[in-house]
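Please look over the chain shown below.

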Amino acid sequence: MELKLVYRALRKVSDWTVGGFYEECWVEGEENVPEDGPLIIASTHHNEIIDIATLAATIPHRRHLSFWAKSTMFANPIMGAILSSSGAIPVRRNPNGSSSPSALPSSSDSPTTSTHKRQKNGADLTRATLFAETSRALSRNQVVGVFPEGTSYTQPGIVQVMPGAAWAAVEYGRAEGRGETGLTIVPVAIVYTDKSRYRSRVHGPRRYGTPIHIDDYIPELYPNPTSTSEAEKDTDAVSKAAVKKIMVRVEGQMKAMTINAPDWDTICAVSVARSILWGDERRLALKDWVDVSQRSTVDELPQTQQTRELKLALTQYHALLQHTNTKHSILTSLVPLSPPTPLALVPTPRVTPTLPSLTLPLLLHLPRTLLTVTLSTPPLIMHIPAYLTGSLAARLLATPGEEEGRAQFKAVGGGVGLAGAVGGLQRVITYHKLIRAYIYPGTRGPPLSQAELEVYKRPLAPPKNPFIKSRVSSSASASPPLLAASSLESSISSISLTSSMTLSGSDSLSADPSPLPSPPPRFSTPIYQPPPPPSAAVQRHLIKSLIEVRAQACALLCTYLARDEMREMSDYLRERGANVYV
């Protein structure tokens with residue numbers, strides 16, 4: 001038995017990272033992971049090395065995970081020893097150009113036949129070489145971790161799925177011959193509630209999906225030798241057909257277990273809707289988090305002015321929360337919605353905070369805050385270093401504007417030292433913002449014009465990932481149909497506020513990168529430049545607009561959920577703790 005000391009040390013750090021930086025981790029489908037035998041884990045990849053840490057810390061039976069690494073990294077003896085001890089598997093990237101006797105034409109072949117055989121045999125040889133080490137690892141009953149998306153990114157859903165995992169499985173099946181291999185592919189989804197926020201939650205691996213048994217495809221890999229059909233004799237074509245079938249199942253499960261929205265506006269609107277309905281997203285059970293955000297649709301409804309207004313209001317409210325760095329739960333504790341009657345029946349009047357109305361909620365929360373601070377002081381002292389090291393690591397090491405890098409460095413830095421929360425401080429900061437906005441009018445500066453205000457009513461989106469291929473959709477101007485309102489995501493995703501873009505990928509590890517069938521264009525990118533961070537004077541005006549937009553968003557959401565056709569959805573949300581007024 002290999003010691004793999006580096007792997008054991010890294011897995012311990014992974015335990016600290018997942019358990020220290022994130023508040024909760026929910027795992028489902030552990031029974032789908034076999035205790036032994038060759039296994040390929042095909043996981044979503046939206047948080048760089050934290051995805052590796054999450055898989056290593058949560059995989060059932062504490063099985064050792066091996067991930068791919070470029071073969072050139074093993075050339076250095078020291079680095080090679082470290083990588084081998086960590087369980088890394090060397091992979092050659094497209095070793096084309098190598099000649100082999102088996103790839104050369106025979107004298108009896110015609111020029112056309114010779115070219116075809118050379119191309120076919122060359123492709124088979126290349127892929128066999130490419131996955132040789134992977135096949136050897138699987139033959140030793142190891143677990144190979146693969147990220148079919150090819151790169152880590154921040155998008156409103158799964159953008160691309162490449163067939164590297166399926167090719168590895170097919171090549172292992174060929175290497176083992178016609179007998180049973182016992183190889184299984186298990187799709188995995190890792191969903192973060194907010195991957196870069198301290199003490200956020202990890203819905204995953206949300207689910208270890210239904211196992212895909214490669215033995216079911218072994219007969220397809222060996223064409224009938226007595227057949228006269230060229231298609232059945234072409235082993236390369238047969239392998240491609242099997243790969244596509246496998247990847248359709250892998251991609252289908254990955255998308256079914258994750259949140260996939262058509263654009264960032266929908267993601268932002270869903271996020272703030274959860275905050276409104278639960279008061280604080282932490283009150284929504286983690287096991288229900290993904291299902292509440294995205295459920296299956298049954299029927300289609302026509303677009304209505306009501307849904308347009310709802311999505312716009314929720315998106316603007318989310319944007320103003322972003323630009324003012326304010327939390328809905330903290331804001332509502334200081335400036336409660338008025339009146340506290342069903343919003344679907346009584347319109348919410350415009351709220352104008354005063355010094356007494358702002359100070360009274362703070363004083364009412366003060367005893368509980370002081371008690372909480374007193375009781376939590378000992379563990380808080382332990383968590384302060386972790387908080388500081390996580391923030392410092394992100395500031396010093398992460399690339400500006402790169403969400404994945406910021407998230408992983410904060411998680412690693414905070415996980416090594418453990419972490420804590422600062423809710424009381426957030427309440428004081430929000431109170432200070434409200435005081436500056438409403439109580440001291442002389443310090444607000446000139447009022448903002450409507451155009452200046454609209455700039456801050458668009459949510460921030462992450463920068464474009466250069467490793468994701470994109471093309472402009474020919475139907476960019478077409479409006480997608482309004483999906484059935486059987487979930488928050490499907491209810492408010494129908495109105496696209498930005499131009500549509502389709503994003504697709506190719507197989508960077510395949511010698512013959514024949515693309516899988518691409519889904520219709522559904523993702524969009526911002527058509528505006530992010531505004532500069534608001535100054536103190538601008539923030540005071542944004543706080544006032546935030547109060548007004550919040551009232552509008554809450555009223556429209558509750559009115560929408562009060563419709564007869566939304567009764568089933570309202571009951572579903574209420575059963576899971578949502579504050580739905582009907």
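A polar contact here is a pair of N or O atoms within 3.5 Å; within protein, one must be able to donate a hydrogen and the other to accept it, and residues adjacent in sequence count only if both atoms are side-chain atoms. By that rule, the side chain of Trp278 reaches the backbone oxygen of Arg576 at 2.9 Å.

This is a predicted model, in which local features need pLDDT of at least 70, side-chain atom pairs count only at pLDDT 80 or more, and totals for chains, interfaces and linings use all residues. Residues are numbered from 1 along each chain as its sequence is written, and side-chain values use heavy atoms, with hydrogens and water left out.

**Overall picture**

The protein has 20 helices and 11 strands. Helices (H or I, at least four residues) and strands (E, at least two) are DSSP runs, numbered from the N terminus. Of the 582 residues, 50% are buried. Buried means under 20% relative accessible area, exposed means over 50%, and partly exposed lies in between (1.4 Å probe, protein chains only). Contact means heavy atoms within 4.5 Å. Among contacts between residues at least 6 apart in sequence, 80% join residues at least 24 apart.

**Trp278**

Trp278 belongs to helix H10, residues 264-278. Its relative accessible area is 3%, so Trp278 counts as buried. Which residues does Trp278 contact, leaving aside its neighbours within four places in sequence? They are Arg283, Leu284, Val292, Leu573, Arg576, Gly577 and Ala578. The C-alpha atoms of Trp278 and Asn579 are separated by 5.9 Å, although the two residues are 301 residues apart along the chain.

**Strand E5**

In a regular strand the side chains alternate between the two faces of the sheet. Strand E5 (residues 143-146) is covered on both faces. Val143 and Gly145 are buried on one side, Val144 and Val146 on the other. Two strands pair if DSSP finds at least two bridges between them. E5 pairs with strand E2 (residues 39-43) in the parallel sense, over four bridges. Within that pairing partner set, Ala42 has Val146 of E5 as its bridge partner. E5 also pairs with strand E3 (residues 65-70) in the parallel sense, over three bridges. Phe67 stands opposite Gly145 in E5.

**Helices H12 and H19**

Helix H12 (residues 305-324) packs against helix H19 (residues 536-561) at an angle of about 145°, with axes 8 Å apart. Axes are lines fitted to C-alpha atoms, for helices over the stretch in contact, and angles run from 0 to 180 degrees between N-to-C directions.

Thr324 is part of H12. Its relative accessibility is 0%, so Thr324 counts as buried. Not counting residues up to four places away in sequence, Thr324 touches Lys433, Gln539, Leu542, Ile543 and Leu546. A polar contact of 3.1 Å links the side chains of Thr324 and Thr326.

**Two positive phi values**

Most residues other than glycine have a negative phi, and most peptide bonds are trans. Arg62 is not a glycine, yet its phi is positive, about 55°. Asn325 is not a glycine either, and its phi is also positive, about 55°. Arg62 sits in the loop between helix H2 (48-58) and E3. Asn325 sits in the loop between H12 and helix H13 (328-334).

| Residue | Relative accessibility | Class |
|---|---|---|
| Trp278 | 3% | buried |
| Thr324 | 0% | buried |
| Arg62 | 36% | partly exposed |
| Asn325 | 64% | exposed |
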